[in-house]
Amino acid sequence: MIRVWLPGHLRTLANIDGEVQLEVQGAVTQRSVLDALELRYPMLKGTIREHVTGKRRSFLRFFACQEDLSHESPDAPLPDAVVSGAEPFLVVGAIAGG
Amino acid sequence: MSNVRVLVGTRKGAFILTSDGKREHWNVSGPHFAGWEMYHIKGSPVEPNRLYASQSSAWSGQVIQRSNDGGQTWEPVGNKFVYEGVAGTHQWYDGTPHPWEFKRVWHLEPSLTDPDTVYAGVEDAAFFKSTDGGQNWQELPGLRGHGSGPRWQPGAGGMCLHTILLDPSNPDRIFIAISAAGAFRTDDAGQTWQPINKGLHSEFIPEPTAEVGHCVHRIALHKSRPNVLFMQKHWDVMRSDDAGDSWHEISGNLPTDFGFVIDVNANEPETIYVVPIKSDAEHFPPEGKLRVYRSRTGGNEWEALTNGLPQSDCYVNVLRDAMAVDSLDKCGVYFGTTGGQVYVSSDAGDNWAPIVRDLPAVLSVEVQTLE
């Protein structure tokens, strides 16, 4: 079971209370986790990754296991601790704006 | 008795203000979508409880929300705005070509006849349409493909399509305005467009009477007379009596002809309202006095409306989508400020009162008159 933690405004948008737990088929990567997340919560499409390019939105970051994975390939395997569910995959809003 | 519902978009959420036809006592609901920029909220004229809202943030991009119960509950609908074909380039601030990039929806305009049809004006400027209640959006690419698109340039607020006017007498005719490209009209329901900027004069562009490049801030019409258009340009208040084919200036005795909003009294097609702003560098009212100016002669002769508005030390702005009128008799006029006030006049502008004073900066104000 993959655990995903979203920023508050996206939890509100998707009506999510707390952490998301997802079943991911095949390799556990940023792409497969976010695909599974958007399949369950279609309203999140376009809010984490841009619609056309599929790229991470500039002011969001991906963290796990105290590492910044934002610049990793979306198809790179996520850490074992994320795959096992010991650690969550974190989508974090940048500290910016007013 | 009729009721009114005022839909307010702010930098940090949406608010819904309701009252009966006296417009004296108000119920305030919100913030809805707290923390998000709410550029515009508007209801369907044929099904008033059907509302559409543009919700966006720098972090998470664009969301479109829809309500079927007048804003009590909402559901996110489609947010995929993709330019048709090769997106191409427009001019960047430095004059170099810059790829067209979707940023946000500035304005949502529900159809006059079908609650599931809604138009969207977006940044970078383009015109989109949904026929399924906002689930799916298609660009009508004839506007960007008009030929002048590569010469369009953003204004300071971005290259936004901010105004959409549907002609109630001709379903194929639509007017739009873009900062800083100008005004355009389609007579075939959005397939092809022509610029309608003849008569505009803008000193800040290399060719002041160019076909495109004018920073039009807002246009307005009265539903009984859709060939008459009123425009607040960056500088200059303008009027057209031939559906935009030609314009002439009606700034008259205004203290400054810079501003953003313009609107038409719902009962008197020759009565129009603007809020003069000091200059493009000083986005606040001249002399620190917040004054709505009303012309009852279709322009040129203006009177200051001040009763109930702050007449000292007021340095707010009134943004382009932040004025609206109801259709009661007497006509109600509403506007919101960057200081978070929403003012109402229930007597066509003679007297004003704040409905709320301390909202986040107001981006847009719309009003529904409900039977």
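## A pair across two strands

Arg294(B) sits opposite Glu303(B), a residue of strand S25(B). Strands here are DSSP runs of E with at least two residues, helices are runs of H or I with at least four residues, and both are numbered from the N terminus. Before going on, a word on what you're looking at: this is a predicted model, where local features need pLDDT of at least 70, side-chain atom pairs count only at pLDDT 80 or more, and totals for chains, interfaces and linings use all residues. Residues are numbered from 1 along each chain as its sequence is written, while chains are lettered from A and ligands numbered from 1 in the order in which they are written.

## Strand S24 and its neighbours

Strand S24 (residues 292-295) of chain B runs antiparallel to S25(B), with 3 bridges joining them. Strand S23 (residues 272-277) of chain B also pairs with S24(B) in the antiparallel sense, again over 3 bridges; two strands count as paired if DSSP finds at least two bridges between them. Val274(B) has Tyr293(B) in S24(B) as its bridge partner.

What covers the faces of S24(B), and are its residues buried or exposed? Val292(B) and Arg294(B) on one side, and Tyr293(B) and Ser295(B) on the other, are all buried. Buried means 20 or more other C-beta atoms within 10 Å of the residue's own, exposed means 12 or fewer, and partly exposed is in between, with C-beta atoms placed from the backbone.

## The sheet around it

## Chain B as a whole

Chain B has 30 strands and 0 helices. The C-alpha atoms fill a box of roughly 50 × 45 × 40 Å along the principal axes, and 53% of the 371 residues of chain B count as buried.

## Where chain A comes in

Chain A puts 15 residues into the contact and chain B 13 residues, where contact means C-beta atoms, placed from the backbone, within 7 Å. Helix H1 (residues 8-14) of chain A gives the most to the chain A side, with 3 residues.

Conventions: Contact = placed C-beta atoms within 7 Å.
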